[in-house]
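These notes are for a first reading of the model. Please go through them with the structure open beside you.

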Amino acid sequence: MSATKRPLSPFMIGPYYKPQMTSVLSITHRITGTALVVGTLLLVYWLAAAALGPQAYHHAQAVLGSMLGQLLMFLWTWALFYHMANGIRHLFWDAGYGFEMPDATKSGWAVIWASIILTVLCWLIAAP
Amino acid sequence: MSIRTPLARVRGLGSAKDGTHHWWMQRVTSIALVPLVLWFAFSMLRYSRLEYEAFQHWLSSPINAGLMVTFLATVFYHAKLGMQVIYEDYVRPEWVMYVALLVTQFVLFLLGAISIISVLKIALA
């Protein structure tokens, strides 16, 4: 394989490297981050509608209250909590803690479970 | 392969003079966002279901409006920093990366401005 045709990150995960806790959670951090940036469009639309008046507000509420709107909001909540939990994991690494492989695997599972539990809890408490 | 030395290649390009600023601000904004995200996610799920007047009333409280403006400013700054790293890692050729970065910066600034002004309009009405 010539040097210029080498697979570039992140496209070597899967066909060349076995997916691992560290690499999969790392790329998921970037994917959720990008998805959250796109998701801000929904938030800006919502806030602008609230500032524009009752008619725009009710329209926005109908859009977000639809099946698709609620599904997007649910996925977006999970992405937000995943990015937050894994971000905290990164902050610990920045401080120099948790680099041993067993620790990194353990904190990875903690991030996965925290993101799921926080998402479900948040919807149960705030949006019954 | 170039036979030029690494020093010759960087000479004349100048120093970026910002050292670890990008890295540091990404950490500062992420620490600030932990409590803000918890407040925001809970509040939006709960109060976005309110009627128009009730939602205006909720957002016009100085505490809620202040938290929301802080959240928005921090989120859009953090988003700019994060997207920059992703573009720098994955987007080539270089000019496409710079165009994507510029467009993203302008759009994120505009989104931040629209959302913050919306909150202020409600809060100061």
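1. The contact between the chains takes 27 residues from chain A and 27 residues from chain B; two residues are in contact if their C-beta atoms, placed from the backbone, lie within 7 Å. This is a predicted model, where local features need pLDDT of at least 70 and side-chain atom pairs count only at pLDDT 80 or more, while totals for chains, interfaces and linings use all residues. Residues are numbered from 1 along each chain as its sequence is written, with chains lettered from A and ligands numbered from 1 in the order in which they are written.

2. On chain B, the side that touches chain A draws at least two residues from each of helix 2 (21-47), helix 3 (52-59), helix 4 (62-90) and helix 5 (94-124). Helices here are DSSP runs (H or I, at least four residues), numbered from the N terminus. Helix 2 of chain B supplies the largest share of that side, nine residues. By class, the side has 17 nonpolar, five polar and five charged residues. Ala, Val, Leu, Ile, Met, Phe, Trp, Tyr, Cys and Pro count as nonpolar, Asp, Glu, Lys and Arg as charged, and the others, Gly among them, as polar.

3. Helix 1 (residues 21-52) of chain A and helix 4 of chain B have axes that come within 10 Å and cross at roughly 135°. Helix 1 of chain A is therefore oblique to helix 4 of chain B (under 35 degrees is roughly parallel, over 145 roughly antiparallel, 65 to 115 roughly perpendicular, and the rest oblique). Axes are lines fitted to C-alpha atoms, for helices over the stretch in contact, and angles run from 0 to 180 degrees between N-to-C directions. Residues making this contact include A:G33 and A:V37 on helix 1 of chain A, and B:A79 and B:G82 on helix 4 of chain B.

4. With helix 5 of chain B, helix 1 of chain A packs at an angle of about 30°, the axes being 8 Å apart. The residues of this contact divide into 10 nonpolar, three polar and one charged.

5. Which residues touch the most other members of the largest nonpolar core? They are A:L47, A:A50 and A:L80, in a core of 38 residues. Such a core is a set of buried Ala, Val, Leu, Ile, Met, Phe, Trp, Tyr and Cys residues joined through C-beta atoms within 7 Å, where buried means 20 or more other C-beta atoms within 10 Å of a residue's own. Helix 1 of chain A gives the most to this core, with 10 residues.

6. Not counting residues up to four places away in sequence, A:A50 touches A:Y57, B:F55, B:L59, B:S118 and B:I122.

How values were computed:
Buried ≥ 20, exposed ≤ 12 C-beta atoms within 10 Å, placed from the backbone.
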